[in-house]
Amino acid sequence: MIIFISDVLNQDALSRAREAVAGLSFEPGQTTAGWHARSVKANSQAMPSAGLRVLQQRIVKAIEAHPVVQMSALPRHMAPPLISRYGPGDAYGCHVDDAVMGTPPLRSDLSATLFLNDPDAYDGGELIIEGPGGEEAVKLAAGSLVLYPSTSLHQVAPVTKGERLVAVTWIQSLIADEAARAILFDLAQAKQQMFEQAGKSPAFDLLAKSYANLLRRWARP
């Protein structure tokens, strides 16, 4: 399941994020790639610094606070985002994200790309995600986020002009099983819509009970 979420960062937050990025130093992206992905990764990533840590904290807070992220991902842990920059000729070939990463170790259930500049700022650079129905090319407005299963093969198409700027992170969900997460996401949306249309009712209570009991059954805190 691929989920598109707009306005994770508003214009003020985007402006502050871009100002922070302008003050960061960058290094070749291969330094953080797994051994099997290193040969196909050609971009730049922000080097560790106090400024990067502050920016990472802001981004994590914004992502975790978004209601669609809460409903769809049910996040337990989130990795500090990588700030990645792609200039002309940069790309990231086909790969799958590491299953376990970081210290303490995090199981990557969901991958997330947060776009920090607008699609008209660069040519190419689409995030291409492989799924059962084929490939999906993703290039979203600044401040928007795409969530997709970390089990997916994916790549970043070559940038031919301009600069692509993104924050990339990974989420360990309370629910390891992707199908179970999809069921809970559907139920959470139905529960919200029912409450907005008719308020609290016996039918809403039954739906809320079923959601809570499935979450209780599947969650691994």
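User: Where is Leu74 found, and what makes this residue buried or exposed?

Analyst: In this predicted model, Leu74 sits in the loop between helix H3 (67–73) and strand E5 (75–78). The relative accessibility of Leu74 is 9%. A residue is called buried under 20%, so Leu74 counts as buried at 9%.

User: Where does Asp7 lie, and what is its phi?

Analyst: Asp7 belongs to the loop between strand E1 (3–5) and H1. Its phi is also positive, near 55°, and Asp7 is a residue other than glycine.

User: How is Ala17 placed, and what decides whether Ala17 is buried or exposed?

Analyst: Ala17 is part of helix H1 (residues 11–22). With a relative accessibility of 6%, Ala17 falls under the 20% limit and therefore counts as buried. Ala17 and Arg58 are 41 residues apart in sequence, while their C-alpha atoms are 8.6 Å apart in space.

User: What kind of peptide bond joins Thr103 and Pro104, and how do you know?

Analyst: The bond between Thr103 and Pro104 is cis, with omega about 0°. Most peptide bonds are trans. Pro104 lies in the loop that runs between strand E8 (100–101) and strand E9 (106–107).

User: What is the strand order of the open sheet of five strands, and which strands stand at its edges?

Analyst: The order is E3-E7-E15-E12-E13, with antiparallel pairing. Strand E3 (41–42) and strand E13 (134–138) each have a single partner strand, so one side of each is left without a neighbour in the sheet, and these two stand at the edges.

User: What makes E12 and E15 a pair of strands?

Analyst: Two strands pair if at least two bridges are found between them. Strand E12 (residues 127–131) and strand E15 (residues 154–156) are joined by three bridges, and therefore meet that condition. The two strands run antiparallel, and Leu127 stands opposite Val156 in E15.

User: How do you know that E12 and E13 pair, and what connects them?

Analyst: Five bridges join E12 to E13, where at least two are needed, and the two strands therefore count as a pair. They run antiparallel, with Glu130 opposite Glu135 in E13. A hairpin of two residues connects E12 to E13.

User: How does the radius of gyration of the protein agree or disagree with that of a compact globule?

Analyst: For 221 residues, a compact globule would have a radius of gyration near 17 Å; the value for the protein is 18 Å, which agrees. Along the principal axes, the C-alpha atoms fill a box of roughly 60 × 35 × 35 Å.

User: How many helices and strands are there, and what percentage of residues is buried?

Analyst: The protein has five helices and 17 strands, and 46% of its 221 residues are buried. Among contacts between residues at least 6 apart in sequence, 78% join residues at least 24 apart.

Notes
Residues are numbered from 1 along each chain as its sequence is written. This is a predicted model: local features need pLDDT of at least 70, side-chain atom pairs count only at pLDDT 80 or more; totals for chains, interfaces and linings use all residues. Side-chain values use heavy atoms; hydrogens and water are left out. Helices (H or I, at least four residues) and strands (E, at least two) are DSSP runs, numbered from the N terminus. The radius of gyration is taken over C-alpha atoms; the globule rule is 2.2 Å times the number of residues to the power 0.38. Buried means under 20% relative accessible area, exposed over 50%, partly exposed in between (1.4 Å probe, protein chains only). Contact means heavy atoms within 4.5 Å.
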